[in-house]
Amino acid sequence: TIPLLSRRFLISERSLIRGFKKLFGVTIHRYTLEQRMAKARQLLLETDVAIGEVAERTGFPDPSYFDKVFKQFYGCSPMAFREGPRKA
C-alpha cells in the first residue's frame, strides 16, 4: 500500500511515511489497522456475518490471523466480542 500511495502522490515512500506520522500522529500501518478493526467491530455488532467473512471483508484472508490481531487490539476474540454486548 505504501508504494502505491507514494507513486500516486509522486513522493518517496520515506516522505510519505514521515509526513503521514507528522500530520496524523500515528504510522500509516497503525492507522490502517485502526480503520480495519473499527470496520470489524461494526460488522460484528451490526450483522450476523460469519467471523471468517468479517475477516475477509476487513482485509484478512486468514481468519486465524484475524482472530489473533483482533484479540491483541480489543483484548478478546471476535466471537466473545460479538456475544458480549448482546448479552448486556
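Is arginine 30 buried, partly exposed or exposed, and what is its relative accessibility? Arginine 30 counts as partly exposed, at 38%. (Buried means under 20% relative accessible area, exposed over 50%, partly exposed in between, with a 1.4 Å probe and protein chains only.)

This is a predicted model, in which local features need pLDDT of at least 70, side-chain atom pairs count only at pLDDT 80 or more, and totals for chains, interfaces and linings use all residues. Residues are numbered from 1 along each chain as its sequence is written, and side-chain values use heavy atoms, with hydrogens and water left out.

**View 1. Arginine 30 pairs with glutamate 34 in a salt bridge.** The N to O distance is 3.1 Å. (A salt bridge is a side-chain nitrogen of Lys or Arg within 4 Å of a carboxyl oxygen of Asp or Glu.) Both residues lie in helix 3, four residues apart, about one turn of the helix. (Helices are DSSP runs of H or I, at least four residues, and strands are runs of E, at least two, numbered from the N terminus.) Glutamate 34 is partly exposed, at 27%.

View 2. Helix 3 covers residues 28-46, 19 residues in total. From first C-alpha to last it reaches 27 Å, close to the 27 Å expected at 1.5 Å a residue. (The expected span is 1.5 Å times one less than the number of residues.) Ile28, Met37, Ala40, Leu43 and Leu44 are buried in helix 3.

**View 3. Arginine 57 and glutamate 53 form a salt bridge.** Their closest N and O atoms are 3.0 Å apart. They are separated by about one helical turn because they are four residues apart in helix 4 (residues 51-57). Arginine 57 is partly exposed, at 48%. Glutamate 53 is partly exposed too, at 32%.

**View 4. Serine 6 is buried in helix 1.** Its relative accessible area is 7%. Leaving aside neighbours within four places in sequence, serine 6 is in contact with Ile11, Ser12, Glu13 and Leu16. (Contact means heavy atoms within 4.5 Å.)

**View 5. Leucine 10 has a positive phi.** The value is near 55 degrees. Most residues other than glycine have a negative phi. Leucine 10 lies in the loop between helix 1 and helix 2 (13-24). Leucine 10 is exposed, at 77% relative accessibility.
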